[in-house]
Amino acid sequence: MEVTVQKAVLAIITDDPKKASGAPTFVVPDEPKRQHVARVLSRILQGQVHDLGDGMLIVVKH
Amino acid sequence: MTGLAMPPGSNGSFPHASAVGLGFLLGMLARVAMLRSDYRQYPTYPHGYASHLFLGGIAALVGAVAIPALLEREWTAVTFLVLVAQQFRGIRDMERKSLKALEDNELVPRGADYIEDMAKTFESRYYAVIFVSTVTSAGVEGVSVPGGLLLGALAFGFSALLMRKRRIGDIIEVKSGTPSFRGPELYVGDIFIMNVGLEESRRTIEEKGLGAILIPRDEDARDTLGSPGQRQAIVHDVQAILGVSKEPDTPEFSPVIKRDLETGRAGLFFVPMEKDEEPMLSVIRRVPVLESARRRGSRALAGRYAAD
């Protein structure tokens with residue numbers, strides 16, 4: 001049986017550290033690099049990436 | 001008079017032979033006819049088939065022997081037969097456990113509702129077998145051999161009618177819909193599905209994704225479509241037939257159904273292994289309406305008052 005955390009923000013990838021807190025945050029100012037980091041993180045965490053707008057991406061496990 | 005040579009020690013012919021034999025035969029035929037693995041890949045061939053045929057044989061025998069035992073006033077036998085018939089309650093548990101054990105490893109799980117529905121169906125098929133073989137054997141005893149066969153066939157027809165499944169296509173209109181994006185938001189037609197943050201995933205969805213729009217034909221259908229168990233069943237079947245182009249690390253390609261609460265319609269989206277729209281639509285139409293999900297609010301008095 002798999003034990004997992006669901007419906008919680010597992011990681012935040014943003015361009016400005018002031019916009020985010022409370023979850024592991026990765027600050028990546030450059031947009032294409034942000035997409036890359038988000039992609040790798042989501043594959044590792046087996047989560048889905050959501051775009052909150054304003055340069056903020058989150059990874060959530062559903 | 002020539003006839004079959006009797007083994008030494010037997011006291012003559014077996015008067016109920018045709019009743020038991022035909023009852024058993026028709027019961028087995030009924031079980032075989034109902035043993036449709038179809039596309040749901042369950043029971044798993046060949047071991048599942050073997051165990052269901054074996055149990056079907058027992059059920060057919062129980063039904064076939066019951067009436068002759070009664071006629072011969074063999075009450076002990078009748079008691080045993082009733083006990084055996086009761087054992088078939090265990091079928092539901094057995095099927096449920098078996099299906100649940102597979103759930104964790106499915107890319108797209110069935111959901112508890114669907115499992116329950118399948119388990120109930122399996123159980124009731126055995127009762128149908130007992131019914132058919134009992135009716136056949138009673139018919140042969142009470143009427144004649146052809147009469148028994150006819151009654152058995154009628155019993156099978158009657159059971160099939162009682163147990164027939166409604167399909168989604170009966171209550172919901174299924175049309176194709178195109179997945180499209182407004183920024184990171186995925187829509188099928190004009191129904192919002194979900195937010196997809198990765199550009200790469202958005203591109204994959206645009207190239208390979210398929211969508212459908214489900215339009216309930218009436219209020220009851222609308223409420224049935226609202227049931228998460230029903231939606232999970234649709235999603236599972238679509239994936240089982242068409243294959244889903246995802247791994248556990250790309251959850252965004254899983255089949256998803258989202259409702260538009262204003263109109264009661266729902267949008268379905270997923271990324272299949274083969275992008276082929278018509279098969280997807282026909283799979284959706286053939287998904288069974290789950291008994292637990294099926295809403296018949298219009299049958300209740302309050303439901304009728306609430307109708308708009």
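Trainee: Let's start with α10(B): is it mostly covered or mostly exposed?
Mentor: Mostly covered. Of its 15 residues, 11 are buried. Do remember that this is a predicted model.

Trainee: Okay! Which are the buried residues of α10(B)?
Mentor: Among them are Ala233(B), Ile234(B), Val235(B) and Leu242(B), and also Arg231(B) and Asp237(B).

Trainee: And what do the buried residues of α10(B) pack against?
Mentor: Quite a list: in chain B they pack against the helices α5 (112-142), α7 (168-171), α9 (219-226) and α11 (277-286), plus the strands β6 (256-259) and β7 (266-270).

Trainee: What follows α10(B)?
Mentor: Gly243(B), and its phi is positive, near 75 degrees.

Trainee: Changing topic: how is chain B divided?
Mentor: Into domain 1 (17-164) and domain 2 (169-306). The contact between them takes 14 residues from domain 1 of chain B and 17 residues from domain 2 of chain B. On the domain 1 side, six are nonpolar, two polar and six charged.

Trainee: How far apart are the C-alpha centres of those domains of chain B?
Mentor: They lie 34 Å apart.

Trainee: How many residues of chain A are in contact with chain B?
Mentor: 15, and they meet 11 residues of chain B. The most come from α1(A), which gives five residues to that side of chain A.

Key
Residues are numbered from 1 along each chain as its sequence is written. Chains are lettered from A and ligands numbered from 1 in the order in which they are written. This is a predicted model: local features need pLDDT of at least 70, side-chain atom pairs count only at pLDDT 80 or more; totals for chains, interfaces and linings use all residues. Two residues are in contact if their C-beta atoms, placed from the backbone, lie within 7 Å. Helices (H or I, at least four residues) and strands (E, at least two) are DSSP runs, numbered from the N terminus. Domain bounds come from an automatic or database domain assignment. Ala, Val, Leu, Ile, Met, Phe, Trp, Tyr, Cys and Pro count as nonpolar, Asp, Glu, Lys and Arg as charged, and the others, Gly among them, as polar. A residue is buried if 20 or more other C-beta atoms lie within 10 Å of its own, exposed if 12 or fewer, and partly exposed in between; C-beta atoms are placed from the backbone.
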